[in-house]
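Please read them with the coordinates open.

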Amino acid sequence: METAQSVLLKYWGHTSFREGQEQAITNILHDIDTMVLLPTGGGKSICFQVPALLKPGICIVISPLIALMEDQVLALNNKGIKALHLGGNLGIMELRRLLDNALYGEYKFLYLSPERLQNELVQETIRNLPVSLVAIDEAHCISQWGNDFRPSYNKIPEIRNLIGNVPFIALTATATPKVVEDTMQLLEMKNPELVQTSFYRPNLSYETYSVSDKLKAIQQIIQSKPGPAILYIRSRKGTASHSKHLNSLGIKSTFYHGGLNTEEKNKRLHSWLNEETPVMVATNAFGMGIDKANVRHVIHLQIPESIESYFQEAGRAGRDGKPARAILLYDDYDPTRTLHQYTR
């Protein structure tokens, strides 16, 4: 008989769980609605993937980002675990084909966006699926008090009308106590338990420097230890100009902001993930679900909009457990900037 530990070893090669994971898994196996608050890189996906493999039926994963769904489905398939996702721009025939696969193909995971969940054909299929578990990733998006409010998340609780009484697991790496409480209430979780661990990361150094020439400081930091890096800037225009400057120095980079179309965003994300352009210059639109283990530097060019945002963004460094740096650069002008200037 398989156990959580044997599944972890079989598919992930680990002999023990990280802090918080086992408690969340145990809750789900006992059908307890669970809110999981773990730091970026804390292994949130294990919290629903392991119990889903132990329970009969299929796990529905609601995720806000196509690129994140693609990455997780690819990783599961590479482990021999049957998973699929309902990506963007699907024609009706392709959507029907994928839904038929979910119905008859003995899949363990179906990933979809909260917007896709509102599709009538999708809902009719879900009604006929043997759903074992619903996982809501980046769950803080349901709360207007969070930094990534997404109205479509408000419709998620309606899925209970389709599937009956199965456990919910909501996961996030960024939430104040107010957002956590709001999230559990808005998702209509039943007597939920909160699993939360420390955000302390011993391999990650937090550094703050007052500099007169930020561009020179960026160059020195990145060239001191070449490798994947994220450079956060407040303005869309600034992402393009800083990327251009880095490229002129021979530091391969690309840029990302909310004004780019989906195709361009995915192209640039994959270019960074594949390290064709190892430095990403971005607004905070480059955020949810960014899953790359070997980021060595996360550099902020201005003071972030909140301490929660800073910890989430900084936490994208060093997810492989090796030494990494989260660096905030500021000058005398920065404190006069207002928060509304932070443009996605």
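1. Two strands are taken to pair if DSSP finds at least two bridges between them. On that basis, this predicted model has an open sheet of seven strands, in the order E3-E4-E2-E5-E6-E1-E7 and with parallel pairing. Strand E3 (83-85) and E7 form the edges, each pairing on one side only. From one strand to the next, the twist averages 20°.

2. Among the residues involved, Leu84 has Leu110 in E4 as its bridge partner. Helix H4 (residues 66-78) packs on the sheet here, touching both E3 and E4. The direction of H4 makes about 160° with that of E3.

3. Which residue in the loop between helix H8 (177-186) and strand E7 (193-196) deserves a check? Glu188 is found there, and its phi is positive, about 55°, although Glu188 is not a glycine. The relative accessible area of Glu188 is 49%, so the residue counts as partly exposed; the exposed class begins over 50%.

4. Glu275 lies in the loop that links helix H11 (262-273) to strand E11 (279-282). Is Glu275 buried or partly exposed? With 35% relative accessibility, Glu275 is partly exposed, since buried would require a value under 20%.

Note on methods: Residues numbered from 1 in each chain as written. Predicted model: local features only at pLDDT ≥ 70, side-chain atom pairs only at ≥ 80, totals over all residues. Heavy atoms only, no water. Helix = DSSP H or I, 4+ residues; strand = E, 2+ residues; numbered from the N terminus. Buried < 20%, exposed > 50% of the residue type's maximum accessible area, 1.4 Å probe, protein only. Axes fitted to C-alpha atoms, helices over the stretch in contact; angles between N-to-C directions. Contact = heavy atoms within 4.5 Å.
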